[in-house]
Amino acid sequence: MWFAPNVTKMKERGDIAGLVKALRYKEWSIRETAAHALGDLRAKAAVEALGNLVQAEKNPYVGLTFAKALTKIGDEEGLPYVVDLALFADIDKVRMSAGQLLPEFGASALLFLTDALWIDDLPIARRAAETLVFFGAGAVPALAAVLEGKVFAPASTMESNIRAMQTRRRVAGLGFNPTILVAMGMLTATNGRIDAAADALRRINDIGGHEALRTAANSESEPVRLAANKALGIAQNRDA
């Protein structure tokens, strides 16, 4: 582009192609405004371009701007890119900000993070637990299931389940079905995973989470008992 694109007029015209092209303009203010415009227009045709920019961008704060646009658009094709930022960004503030976006994607994001609780990379599993806190009470069953050594499978409509499963298969880095592996005894809840789930339940500060912790405090598993009692102790001290 020889002249700065007029993003405002592009938005008024609904010029999606022009706005996508503006995402790569040299001036950041133009790129940022174009991203916001595509989000406001719910431009599903821009999801791939925005997602590629999230992955390619070296500055995670810039990537977060594109992730926010993807969240506004709301198409599930954009979910893996936002999840990637929430779990793998090097800067805590960016990870937290991206994590706060994920509840907007609903059940699909919840299912992915539920699976991510079980991945071998424990620091990433911990981040998944931390991110589930943003889902509030809706994340309690998934986190409580970890304390029981199970993978939570929520009941929902067939259509929602199919969409969610398709999203989970698209997300790079999983490549496994934790439900099957847990059932076969090939995957267990390690102490770190248990601690992360218990702490997340404490931070959600929901009555259902507290009930799950109280139940876990009487578990036959010593690591589960210790993690639950530690979380309950912190919660009680906070409320005192």
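**Exercise 1.** Determine in which hand H5 passes H6, and describe the packing of the two helices.

*Solution.* Step 1. In this predicted model, the crossing of H5 past H6 is left-handed.

Step 1. Two packed helices are described by the angle between their axes and the distance between the axes. For H5 and H6 the angle is about 145°, and the axes lie 9 Å apart.

Step 2. On the H5 side, the residues in contact are Pro60, Gly63, Leu64, Ala67, Leu70 and Thr71; they meet Tyr81, Val82 and Leu85 of H6. Classified by residue type, this contact comprises 7 nonpolar, 2 polar and no charged residues.

**Exercise 2.** Identify which residues of helix H7 are buried, and state what covers them.

*Solution.* Step 1. Helix H7 spans residues 92-101, and a residue counts as buried under 20% relative accessible area. Val94, Arg95, Ala98, Gly99 and Leu101 are the buried residues of H7.

Step 1. Viewed down the axis of H7, these buried residues fall within an arc of 150°, and therefore they line one face of the helix.

Step 2. The cover over the buried residues of H7 includes H5 (60-73), H6 (79-88) and H9 (122-132).

**Exercise 3.** Characterise the chain as a whole: how many helices and strands does the chain have, and what percentage of its residues is buried?

*Solution.* Step 1. The secondary structure consists of 15 helices and 0 strands.

Step 1. Of the 240 residues in the chain, 47% are buried.

Step 2. The accessible surface of the chain is about 12300 Å², and carbon and sulfur atoms account for 51% of that surface.

Notes
Residues are numbered from 1 along each chain as its sequence is written. This is a predicted model: local features need pLDDT of at least 70, side-chain atom pairs count only at pLDDT 80 or more; totals for chains, interfaces and linings use all residues. Side-chain values use heavy atoms; hydrogens and water are left out. Buried means under 20% relative accessible area, exposed over 50%, partly exposed in between (1.4 Å probe, protein chains only). Helices (H or I, at least four residues) and strands (E, at least two) are DSSP runs, numbered from the N terminus. The arc is that of the directions from the helix axis to the C-beta atoms. Contact means heavy atoms within 4.5 Å. Axes are lines fitted to C-alpha atoms, for helices over the stretch in contact, and angles run from 0 to 180 degrees between N-to-C directions. A crossing is left-handed if the near helix is turned anticlockwise from the far one by less than a right angle, and right-handed if clockwise. Ala, Val, Leu, Ile, Met, Phe, Trp, Tyr, Cys and Pro count as nonpolar, Asp, Glu, Lys and Arg as charged, and the others, Gly among them, as polar. Accessible areas come from the Shrake-Rupley method with a 1.4 Å probe; for residues, only the protein chains shown count as cover.
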